[in-house]
Amino acid sequence: MITAHPSLLRELVERCETLRHRLAADNSAETIRRLDDAAYTLCVITATRQLDTALFVARRQIAEAMRQEQPLRH
């Protein structure tokens with residue numbers, strides 16, 4: 001399975017989380033549009049259809065990439 005680079009996933013996760021928090025505070029049309037765009041991109045990259053699922057999958061892929069980068073210690 002092809003996955004996005006962890007830095008891209010991290011950036012999109014952070015963007016979605018930030019925009020969700022901002023939306024709770026201001027509920028502006030611009031924030032809604034930006035969140036929709038970021039959520040769509042994250043869903044496409046993670047092959048999911050809902051933001052919560054996309055966030056879960058992205059976090060799992062990030063964790064897996066980090067685990068693979070760190071050598072095992074004996």
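A residue is called exposed when its relative accessible area is over 50%, and buried when that area is under 20%. These cut-offs are applied below to a predicted model.

Alanine 47 lies in the loop between α2 and α3. Its phi is near 60°, a positive value in a residue other than glycine. Asparagine 27 sits in the loop between α1 and α2. Asparagine 27 also has a positive phi, of about 50°, although it is not a glycine. With 54% relative accessibility, asparagine 27 counts as exposed. Most residues other than glycine have a negative phi.

The protein contains 3 helices and 0 strands. Read from the N terminus, its elements follow the order α-α-α. Along the principal axes, the C-alpha atoms fill a box of roughly 50 × 25 × 15 Å. The chain has 74 residues, and 31% of them are buried. Among contacts in the protein with a separation of 6 or more, 51% join residues 24 or more positions apart.

The largest nonpolar core has 16 residues. Within this core, Leu9, Val13, Cys16, Leu42, Leu51 and Leu55 touch the most other members. Each of the helices α1 (6–26), α2 (29–46) and α3 (51–69) supplies at least two residues of the core.

Leucine 42 belongs to helix α2. Leucine 42 is buried, because its relative accessible area is 0%. Residues up to four places away in sequence aside, leucine 42 touches Leu9, Leu12, Val13, Cys16, Leu51, Ala54, Leu55 and Ala58. Arginine 59 is 17 residues from leucine 42 along the chain. The C-alpha atoms of these two residues are separated by 11 Å.

Two packed helices are described by the angle between their axes and the distance between the axes. For α1 and α3, the angle is about 145° and the axes are 9 Å apart. The crossing of α1 past α3 is left-handed. On the α1 side, the contact is made by Pro6, Leu9, Arg10, Val13, Cys16, Glu17 and Arg20. On the α3 side, it is made by Leu51, Asp52, Leu55, Ala58, Arg59, Gln61, Ile62, Ala65 and Met66. By class, the residues of this contact comprise 10 nonpolar, 1 polar and 5 charged. Cys16 and Leu55 are among the residues of the contact. Both are also among the core residues that touch the most other members.

A disulfide is a covalent bond between the sulfur atoms of two cysteines. The structure holds 0 disulfides. The cysteine sulfur closest to that of cysteine 16 is in cysteine 43, at 7.9 Å, so it is too far for a bond. A disulfide would require the two sulfur atoms to lie within 2.5 Å. Cysteine 16 is buried, with a relative accessible area of 0%. Cysteine 43 likewise counts as buried, at 10% relative accessibility.

Note on methods:
Residues are numbered from 1 along each chain as its sequence is written. This is a predicted model: local features need pLDDT of at least 70, side-chain atom pairs count only at pLDDT 80 or more; totals for chains, interfaces and linings use all residues. Side-chain values use heavy atoms; hydrogens and water are left out. A nonpolar core is a set of buried Ala, Val, Leu, Ile, Met, Phe, Trp, Tyr and Cys residues joined through side-chain atoms within 4.5 Å. Buried means under 20% relative accessible area, exposed over 50%, partly exposed in between (1.4 Å probe, protein chains only). Helices (H or I, at least four residues) and strands (E, at least two) are DSSP runs, numbered from the N terminus. Contact means heavy atoms within 4.5 Å. Axes are lines fitted to C-alpha atoms, for helices over the stretch in contact, and angles run from 0 to 180 degrees between N-to-C directions. A crossing is left-handed if the near helix is turned anticlockwise from the far one by less than a right angle, and right-handed if clockwise. Ala, Val, Leu, Ile, Met, Phe, Trp, Tyr, Cys and Pro count as nonpolar, Asp, Glu, Lys and Arg as charged, and the others, Gly among them, as polar.
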